[in-house]
Amino acid sequence: MGLRRLIPLSFDQLGLGLALLGGLTASVSIAKDNSKPSGPPDGFVALAPVMRGWGITAQRMSVEGAQTFGNVWNTLEMQHDSREFNFNGLRVFMGEGAVAYSGELWASRIDVQKLLRPLLRPQEFAPEARPVRKIMIDAGHGGKDRGTFSDPLSLSEKKVALDVALRLEAILTQQGFAVEQIRTDDVFVAKGQRALMAQLAEADLFVSIHFNAAGNPNARGTETYVLTPAHQRSTGDASSPIDELGTESGNASDAWNIVLGEEVHRALINRLGTVDRGLKRARFAVLRLAKMPAILIEAGFLSHEEEAREIASPTRRDEIAEAMANGIVAYSNQVQAFHSSR
């Protein structure tokens with residue numbers, strides 16, 4: 001994957017979008033419940049002015065509340081009342097759903113700053129980028145914790161996660177990275193200890209490998225998680241009080257978490273051809289406590305009969321490791337380009 005072309009525009013123009021919050025009064029007629037107050041929620045900003053400041057054009061919003069933003073390098077397709085949007089063909093989830101107001105879409109200021117800005121303007125965060133020299137690989141579960149399980153195949157998550165982790169290490173070592181493993185055999189390591197091990201090793205990245213399961217036997221596909229920003233709900237959370245969702249250690253890497261997550265998730269979907277379940281947010285312990293850019297990958301479902309058979313194949317696990325490595329290398333190249341230009 002090549003380095004995304006960047007537009008040399010200042011992010012200072014974001015302020016013109018923020019200034020609109022108090023001035024608009026007319027809303028579009030998408031809301032079904034007319035008793036609800038008109039206008040965007042507090043803390044939301046109009047996307048069109050923000051995108052314009054980044055050299056991205058906003059198309060007219062449809063009557064259904066869909067709006068596309070794009071230029072020659074990037075395309076975003078968003079929808080009123082949906083957290084999900086399409087970013088260059090990839091599913092990505094915001095912390096809050098977009099809101100249609102006054103003929104255009106608005107998004108939460110946190111999503112603009114912590115999600116859209118890093119995806120579209122990573123150069124804004126170049127001073128915070130750390131070159132990737134050492135990578136900590138975390139094979140999920142282990143020992144007394146077997147993780148998810150395929151009964152028909154007698155296949156445990158802890159076993160296949162470790163196998164992929166070792167394959168990934170071999171590839172990354174050949175690429176010139178230093179690699180350490182949280183575990184290299186079937187042992188239990190506490191979640192909090194895993195992040196501490198990465199910190200003590202002075203790792204530049206933390207990559208946690210898992211395999212999924214669901215009560216629905218038809219659930220399948222790949223999803224990648226990064227840490228939820230402070231004062232936002234995670235992707236699977238619709239009710240937690242915002243004020244209780246404070247800052248975690250891992251939030252210091254918010255911008256580069258999302259850039260890493262996007263590169264690796266795109267590489268996985270492109271290489272494996274699996275169902276794209278999205279780049280998502282969560283407060284998993286290993287993400288909360290990591291003090292370097294970190295992701296957690298759910299590479300497939302052991303509860304899905306066909307997908308579990310694929311995962312049981314060493315060839316498929318090679319492909320999973322190769323895809324992860326491709327994403328990590330793409331991320332590393334992007335960071336290195338910023339450092340080389342300084």
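A residue counts as buried under 20% relative accessible area, as exposed over 50%, and as partly exposed in between. By this rule R277, with a relative accessible area of 23%, is partly exposed. The structure described here is a predicted model.

**Overall make-up**

The chain has 342 residues, and 54% of them count as buried. Its secondary structure consists of nine helices and 16 strands. The chain exposes about 14800 Å², of which carbon and sulfur atoms supply 48%.

**Nonpolar cores**

The largest nonpolar core comprises 71 residues, and F85, L116, I209 and F211 have the most contacts inside it. Helix α9, which spans residues 314-340, contributes the most to this core, with ten residues. Another core, of 16 residues, lies apart from it; A198, L227, A282 and M292 are among its members.

F211 illustrates how residues from several stretches of sequence meet. Leaving aside residues up to four places away in sequence, F211 touches a set of residues including T148, E157, V160, A161 and V164. The partners of F211 also include E298, A299, G300, L302, I311 and I320.

**Salt bridges**

Side chains of opposite charge can pair when their charged atoms come close. The structure holds 21 salt bridges.

| Residue | Partner | N to O distance |
|---|---|---|
| R91 | E84 | 2.7 Å |
| D318 | R167 | 3.0 Å |
| E223 | R277 | 3.1 Å |

In the salt bridge of D318 with R167, D318 lies in helix α9 and R167 in helix α4 (residues 157-174), so the pair ties together parts that are 151 residues apart in sequence. D318 is partly exposed, with a relative accessible area of 31%. Both residues also belong to a network of salt bridges that links D163, R167, R317 and D318.

The side chains of E223 and R277 meet in a salt bridge. This pair links distant parts of the chain, 54 residues apart: E223 is in strand β14 (residues 222-227) and R277 in strand β15 (residues 276-282). E223 counts as buried because its relative accessibility is 5%, whereas R277 is partly exposed at 23%.

In the salt bridge between R91 and E84, R91 is partly exposed, with a relative accessible area of 27%. E84 is likewise partly exposed, with a value of 29%.

Terms used: Residues are numbered from 1 along each chain as its sequence is written. This is a predicted model: local features need pLDDT of at least 70, side-chain atom pairs count only at pLDDT 80 or more; totals for chains, interfaces and linings use all residues. Side-chain values use heavy atoms; hydrogens and water are left out. A nonpolar core is a set of buried Ala, Val, Leu, Ile, Met, Phe, Trp, Tyr and Cys residues joined through side-chain atoms within 4.5 Å. Buried means under 20% relative accessible area, exposed over 50%, partly exposed in between (1.4 Å probe, protein chains only). Helices (H or I, at least four residues) and strands (E, at least two) are DSSP runs, numbered from the N terminus. Contact means heavy atoms within 4.5 Å. Accessible areas come from the Shrake-Rupley method with a 1.4 Å probe; for residues, only the protein chains shown count as cover. A salt bridge is a side-chain nitrogen of Lys or Arg within 4 Å of a carboxyl oxygen of Asp or Glu.
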